[in-house]
Amino acid sequence: MSEISIILIEDHDLTRMGLKAALQSNTGLKVIGEAANATQGLKLLETAKPDVAVVDIGLPDMDGIELTRKYRRYQAESGQTHTKILILTMDHTEDAVLAAFAAGADSYYMKETSISRLTEAIQATFGGNSWIDPAIANVVLRKMRQGIPGESQAADKPKTVKIEALPSEYEQVLETYPLTQRELEILELIVAGCSNGQIAEKLYITVGTVKTHVRNILNKLCADDRTQAAVRALRSGLVA
């Protein structure tokens, strides 16, 4: 498999350097360019044509959402639709999330999540899937069947967020080992970002019981951790 080419558009030098070093340590990823602001970033996107652009939302000259909107227009005009865009941010407010997807972002990644997860998010985005951070999952769920307000959205063709379905092998597992009603309740709370302690408090059960249910949920979803379980729950429609 060839390397995934990446450019980083991030105004904080130390953050950008740290991201580059961490991503370059993965043999399947290659950072081919960097930009410290949106103006440089747009030019780099047009010339480098990376597989994935990691774009900070808080750029000094133009925010990452506007950059995404302008680059999507360029892609539509030039016919160059190859590059995927992953928004990198600390902002999980509804307005920011919906504006990013409406502008054409493919994925939305919270900065406080681990670098290993960023690698997974980039790989998923490159593969044509939308990485949806569990911290903003509820926002997407509320809007996924509705039009997302956009600056130039056509009235007869609302823009929606596409969440890919689970692969068939996971569907077969769920058919064999369906989630119980209690597991579904806990899965919804996981998607909402609740900790084990918060889940225990909400459902009036012990933390130990919650851990047992979470372990069963991960096994049934073939997920390595809670984040992966939340994403697969969204993609499969288990949580609505």
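In this report, a residue is buried at under 20% relative accessible area, exposed at over 50% and partly exposed in between, with a 1.4 Å probe and protein chains only. The structure is a predicted model, in which local features need pLDDT of at least 70 and side-chain atom pairs count only at pLDDT 80 or more, while totals for chains, interfaces and linings use all residues. Residues are numbered from 1 along each chain as its sequence is written, and side-chain values use heavy atoms, with hydrogens and water left out. Helices (H or I, at least four residues) and strands (E, at least two) are DSSP runs, numbered from the N terminus.

Strand 3 is largely enclosed by the rest of the structure, because five of its five residues are buried. Val 52, Val 54 and Asp 56 point one way from this strand, whereas Ala 53 and Val 55 point the other way.

Two strands count as paired if DSSP finds at least two bridges between them. Strand 1 and strand 3 pair in the parallel sense over four bridges, and Ile 7 stands opposite Ala 53 of strand 3. Strand 3 also pairs with strand 4, again in the parallel sense, over five bridges; here Val 54 has Leu 86 of strand 4 as its bridge partner. Strand 3, helix 3 and strand 4 form a right-handed β-α-β unit. A crossover is right-handed if, with the strands pointing away from the viewer, the path from the first strand over the helix to the second runs clockwise.

## Nonpolar cores

In soluble globular proteins, nonpolar side chains tend to be buried together. A nonpolar core is taken as a set of buried Ala, Val, Leu, Ile, Met, Phe, Trp, Tyr and Cys residues joined through side-chain atoms within 4.5 Å. The largest such core has 25 residues, and those with the most contacts inside it are Ile 9, Leu 45, Val 55, Leu 67, Ile 87 and Tyr 108. Two or more residues each come from strand 1 (4-9), helix 2, strand 3, helix 3 (64-78), strand 4 (84-89), helix 4 (94-103) and strand 5 (107-110). Helix 4 gives the most, with five residues.

Contact means heavy atoms within 4.5 Å. Leaving aside neighbours within four places in sequence, Leu 67 is in contact with Ile 9, Ala 38, Leu 42, Leu 45, Val 55, Leu 59 and Met 62. Apart from this core lies another, of 22 residues, among them Cys 194, Ile 199, Ala 223 and Ala 230.

## Aromatic pairs

A pair of aromatic rings is described by the distance of the centres and the angle of the planes. Rings of Phe, Tyr and Trp (its six-membered ring) pair if their centres lie within 6.5 Å; planes under 30 degrees apart count as stacked, over 60 as edge-to-face and the rest as tilted.

| Pair | Centre distance | Plane angle | Class |
|---|---|---|---|
| Tyr 71 and Tyr 74 | 5.8 Å | 25° | stacked |
| Phe 101 and Tyr 108 | 6.4 Å | 35° | tilted |

Tyr 71 and Tyr 74 both belong to helix 3, three residues apart, about one turn of the helix. Tyr 71 is buried at 0% relative accessibility, whereas Tyr 74 is partly exposed at 23%.

Glu 183 is placed in helix 8 (residues 181-191) and is buried, with a relative accessible area of 4%. Its side chain reaches the backbone nitrogen of Thr 180 at 2.9 Å and makes a polar contact with the side chain of Lys 220 at 2.8 Å. Not counting residues up to four places away in sequence, Glu 183 touches Pro 178, His 213, Asn 216, Ile 217 and Lys 220.

Thr 47 lies in helix 2 and is exposed, at 64% relative accessibility. A polar atom of the Thr 47 side chain lies 3.3 Å from the backbone oxygen of Leu 44.

## Positive phi angles

Lys 49 has a positive phi of about 50° although it is not a glycine. This residue is found in the loop between helix 2 (38-48) and strand 3 (52-56), and is partly exposed at 41% relative accessibility. Tyr 204, likewise not a glycine, has a positive phi near 60°. Tyr 204 lies in the loop between helix 9 (196-203) and helix 10 (207-221) and is exposed, at 75% relative accessibility.

How values were computed: Polar contact = N/O pair within 3.5 Å; in protein donor to acceptor, adjacent residues only side chain to side chain.
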